[in-house]
Amino acid sequence: MIRMLSLLLLLGLVALPLPSRAATTCSASMSDIVFGDVNPFGTHVDVQATLNYSCSSSGILGLGLLGARARLCFSIGIGTQGTALDPRRMASGANGLLFNLYKTSARNTIWGTRSDSYGAVETTMDVPVTLGSGSANGSLTVYGRVPASQISLVPGNYASAFSGSHTQLAYRYNEGLLNLTTTPASCASGGSGGGTGTFAFNAQASVSKRCVPNFAVQNIDFGTQGLLTSAIDTTATISPQCTNTTPYQIGLDNGLYASGNMRRMRSGANRHVTYELYRDTGRNQRWGNTQNVDTVTATGSGSAQNVTIYGRVAPQATPTAGSYSDTVTVTITY
C-alpha cells in the first residue's frame with residue numbers, strides 16, 4: 001500500500017501543468033502641453049508635460065524571480081497643424097504660432113520619431129511577476145518652448161492635436177527568469193514579443209490683444225525763439241507697438257498747465273506760452289484724448305508704427321525770456 005501511494009503521488013506531481021507563457025503589455029498616456037497666454041513682445045515661454053507609461057505581465061507562476069524585461073520607444077510627430085518637426089506649429093484659423101518639444105530641460109534636443117534624424121526617446125523597464133502577475137510604472141518629462149520674437153502673431157486661441165500617427169509607443173520584451181533574461185536591443189524587433197500604442201495629447205496657447213507699454217516717444221522741441229510774432233511749427237514721433245490686427249487709439253491729454261482746452265508751457269517764473277498739438281500736417285485737427293472724437297486711430301502690425309505729432313506755437317504776446325516746458329501724457333487704448 002505504501003509503495004502504491006508513493007507511485008500515485010509521484011504520478012500526480014508529474015501531471016501538474018507547466019507554467020504558461022506570460023502576456024506582457026505596455027501602454028502610455030500624456031498630459032497636454034499648455035503654454036497659456038503668449039506675449040509676442042516678451043521672452044520665450046517654457047512649459048513641460050508628463051508622459052506616464054506602464055507594463056504588466058500575467059500568466060507566469062513565480063515568486064518574484066520570473067517576469068519581463070522591456071524596451072520602450074516614444075515617438076512624437078509633427079501634430080495635426082504642422083508641416084515639419086523644426087519648428088512645430090499650432091494654428092488659430094489660418095494663423096500660426098511656432099513651438100517645439102524637446103527631450104531635455106535645456107531644450108536643445110528635439111523630440112522626434114524613430115523614423116527621423118531627431119529620434120524617439122527610449123527607456124527600459126523590469127516587470128517582476130509575483131503570484132501570477134505583476135506591473136511596473138514610469139514617467140518621462142516632455143519639455144515645450146514657444147520661442148520669442150514672434151511679433152507678427154495674431155490674437156487668438158492656438159492648438160495642435162497629437163494623436164494617431166502623431167504619437168507612437170513601440171515596445172519589445174523578453175520573459176523568463178529576470179536574473180537570466182536580457183532586455184531586447186530594439187523596440188521594433190527581437191525579444192519574445194512586443195506591441196504598439198499611442199498617447200494622445202494637445203498643444204495649446206493663446207495670444208491676447210496688447211500694446212507694448214514702454215513705447216518710444218520723441219520730445220516736441222520748438223527750439224530757441226525771439227519774438228513770437230509768427231507761427232512756429234515742429235513735429236515729433238511716437239512709436240506704439242500693438243499686436244497684429246489689433247485696432248487702437250492714441251490720445252494726448254492737455255498737459256500740466258492747460259487753461260481749459262488751451263495747452264500751455266510754463267517757465268520757472270510762472271509765465272506761459274500757449275501751443276497746440278495736431279493730428280494733421282495742416283494743423284487743423286486738434287489732437288485730444290476723447291476716443292472716437294479727437295484721437296488718432298490705427299491697427300497694429302506687431303512692429304513699432306511711427307505716428308507724427310504736429311506741433312504749433314501760434315503768434316502771441318511774447319512773455320519774459322526763460323525756459324518753457326510742459327508734460328503731455330500719451331494714452332494707448334485697445
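Let's start with the largest pocket, which has a volume of about 770 Å³. A pocket here is an open set of points on a 1 Å grid over the protein atoms alone, where a 1.4 Å probe fits, with protein on both sides within 12 Å along at least five of seven lines. The volume is the space filled by probe spheres set on those points, which are joined across faces, edges and corners.

Before going on, please remember that this is a predicted model: local features need pLDDT of at least 70, side-chain atom pairs count only at pLDDT 80 or more, and totals for chains, interfaces and linings use all residues. Residues are numbered from 1 along each chain as its sequence is written, and side-chain values use heavy atoms, with hydrogens and water left out.

So who lines the pocket? There are 31 lining residues, and I220, F222, M265, Y324 and S325 lie nearest the centre; to count as lining, a residue needs an atom within 4 Å of a point.

Now to the inside. The largest nonpolar core has 41 residues, with I33, F35, L51, L72, F74 and F199 making the most contacts inside it. Such a core joins buried Ala, Val, Leu, Ile, Met, Phe, Trp, Tyr and Cys residues through side-chain atoms within 4.5 Å. Apart from this one lies another core, of 22 residues, C211 and Y248 among them.

Finally, is V38 buried or exposed? V38 counts as buried because its relative accessibility is 3%, where buried means under 20% relative accessible area, exposed over 50% and partly exposed in between, with a 1.4 Å probe and protein chains only.
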